[in-house]
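Please take a look at the structure below, and let us walk through it together.

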Amino acid sequence: MKSDAIKLGPENASHRLLYHALGWTDEEIKRPLVGIVSSYNEIVPGHMNIDKIVEAVKMGVAMAGGMPVVFPAIAVCDGIAMGHVGMKYSLVTRDLIADSTEAMAMAHGFDALVMVPNCDKNVPGLLMAAARLDLPTTFVSGGPMLAGHIDGHKTSLSSMFEAVGAYTAGRIDEERLHEWECKACPTCGSCSGMYTANSMNCLTEAIGMGLRGNGTIPAVYSRRLELAKHAGMAVMDMLEKGITARQIMTKEAFMNAMTVDMALGCSTNTMLHLPAIAHECGVELNLDIANHISERTPNLCHLAPAGPTYMEDLDEAGGVYAVMAELTKRGLLDTACMTVTGHTVGENLANVANENPDVIRTAENPFSETGGIAVLRGNLAPDGSVVKRSAVAPEMLVHEGPARVFDCEEDAQLAINAGKINAGVDGQLGVLLAIEDACGALVDEHLGGDGGTLDHGSVGRKVTAEHGDATRLGERFSAVRMTSGFSLATLARFSPHRVARDGHAGGVSRSPRLVSSAMTA
């Protein structure tokens, strides 16, 4: 065992002294040291239950003969950080999480790890750390939130943004808005639609680093505690068999993950995170690969905010494994890839059934023959932009007309609230430019304005964009992703020593008229 180098022999008596200072017995010291990375905190709804999951993981590790040792990882709630300077600190935490987890694991000689993430940058950060460390590692997330219920309809975080838009448009009063505040997100867990957190937790399953249900079993279900115990047992089995993270996180596994991404209709933020994780494994992913996979992959799910179904519905329908089983009907997955179960993808999918073809369309009857995400290029985005194609209404595919161009979220939000972006006025289109600071890291995501446009007659469904930073690709990008609906923005290449302030930003013209004549996949 790796930990033997710091535990055995008289030369390591000082180390054992400190273990005894922790209250460990000789019997515990002799066991494999299994680090459990706990992302628990009391500010992120998706992390407030992780302490209970960590305790379940500890039981699983101990039952299988390991010595569980907990240490922390930070996590930011993008929903709370959004709309103010706090959002500039979200994406950078991905690398802070990866770096600090790597440092803790290397400094203390752990033999194996169980990662317990949940929301947004926390998941890819821990996947990056797992790739760097290449230890036996399993993941078990905090789980998704249950959908809210208002007037007989299910709701999620994006529903709240739409309610704010309805309030600013005068369609609902403050009392009604408060009702939405209290009911739209009713439990702990990651927000109940296919947003970044749930997307990355589902793709953790697809890559092979999480057990079945990792991305879909609701946070409040006791089944998640059972899953956590099994994750602890699984990592001990991996240790015994010598299965490590990079034996699972292969090029073929990432191709599987991108294929599942397209079938599920995941968040466009996956195009930021999967390349960064793959880079840590020595695997190159880029936008051209994403488009190639999207062209051959059917879109099988329309989960919120793209459709009326939620994570709990996906779980009841069979979860990520059921989606993967449908994809194997077309031969779209490499079923020989190893997973944390100690079995291959193909072995894991044996006898898996799609329990609800209304939630998970069959391979023969997809929502579309192409994937949920597309990469677009044009004079707006010469280096590429990302759109959630599965959420784009047909009438939004072509637009001609004047554009209102904004350099920051605040100005765009004020214009939306004032009703100054209006499809009824010459078919106006709102455009939010990509803006990046000199280091390329402190960039924003914008969702608050999206819902507001629904009640102000704006063209399409969305007019803003979410910014992120695709790091560890050799070049720095200001990565702007289009959310559910349609946005115009850019994935523009910048020098890390220069910020575009010269009348153009990322190739987007500041002309008040039509800013793009063509955006093609």
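Helix 18 gives the largest share of the lining of the largest cavity, 3 residues. Helices here are DSSP runs of H or I with at least four residues, strands are runs of E with at least two, and both are numbered from the N terminus. A cavity is a set of points on a 1 Å grid over the protein atoms alone where a 1.4 Å probe fits but cannot get out, and lining residues have an atom within 4 Å of a point. This is a predicted model, in which local features need pLDDT of at least 70 and side-chain atom pairs count only at pLDDT 80 or more, while totals for chains, interfaces and linings use all residues. Residues are numbered from 1 along each chain as its sequence is written, and side-chain values use heavy atoms, with hydrogens and water left out.

The lining of the largest cavity is made of Glu 205, Ala 206, Tyr 321, Met 324, Thr 339, Val 345, Asn 348 and Leu 349. Two or more of the lining residues come from each of helix 10 (196–207), helix 17 (319–328) and helix 18 (345–349). By type, the lining holds 5 nonpolar, 2 polar and 1 charged; Ala, Val, Leu, Ile, Met, Phe, Trp, Tyr, Cys and Pro count as nonpolar, Asp, Glu, Lys and Arg as charged, and the others, Gly among them, as polar. The space in this cavity is about 40 Å³, where a volume is the space filled by probe spheres set on the points, and grid points are joined across faces, edges and corners.

Asp 120 is not a glycine, yet its phi is positive, about 50 degrees. You will find Asp 120 in the loop between strand 3 and helix 7 (122–133). Its relative accessibility is 12%, so Asp 120 counts as buried; buried means under 20% relative accessible area, exposed over 50%, and partly exposed in between, with a 1.4 Å probe and protein chains only. Asp 151 also has a positive phi, near 55 degrees, and lies in the loop between strand 5 (148–150) and strand 6 (153–155). Is Asp 151 buried or exposed? With 53% relative accessibility, Asp 151 counts as exposed.

Now for the rings. The structure holds 2 aromatic pairs, meaning rings of Phe, Tyr and Trp (its six-membered ring) with centres within 6.5 Å; planes under 30 degrees apart count as stacked, over 60 as edge-to-face and the rest as tilted. Tyr 19 and Trp 24 have ring centres 4.7 Å apart and planes at 10 degrees, so this pair is stacked. Both Tyr 19 and Trp 24 are buried. The ring centres of Phe 71 and Phe 110 are 5.5 Å apart with planes at 20 degrees, so that pair is stacked. Phe 71 in strand 2 (residues 67–72) and Phe 110 in the loop between helix 6 (92–108) and strand 3 (112–116) are 39 residues apart, so to speak a link between distant parts of the chain. Both Phe 71 and Phe 110 are buried.

Next, follow the chain to Leu 264 in helix 13 (residues 251–264). At 1% relative accessibility, Leu 264 counts as buried. Apart from its neighbours within four places in sequence, Leu 264 is in contact (heavy atoms within 4.5 Å) with Met 194, Cys 202, Asn 299, Cys 301, Leu 303, Leu 314 and Val 323. Leu 264 and Met 194 are 70 residues apart along the chain, and their C-alpha atoms are separated by 8.3 Å.

Helix 14 (residues 270–280) has 10 of its 11 residues buried, so it is largely enclosed by the rest of the structure. Just after helix 14, Gly 282 has a positive phi of about 75 degrees. Further on, a cis peptide bond joins Ala 304 and Pro 305, with omega about 10 degrees. Pro 305 is in the loop between helix 15 (287–296) and helix 16 (311–316).

Finally, step back to the whole protein, with its 20 helices and 16 strands. Of its 521 residues, 60% are buried.

Note on methods:
1 Å grid on protein atoms, 1.4 Å probe; cavity = no way out; pocket = protein on both sides within 12 Å on 5 of 7 lines; lining within 4 Å.
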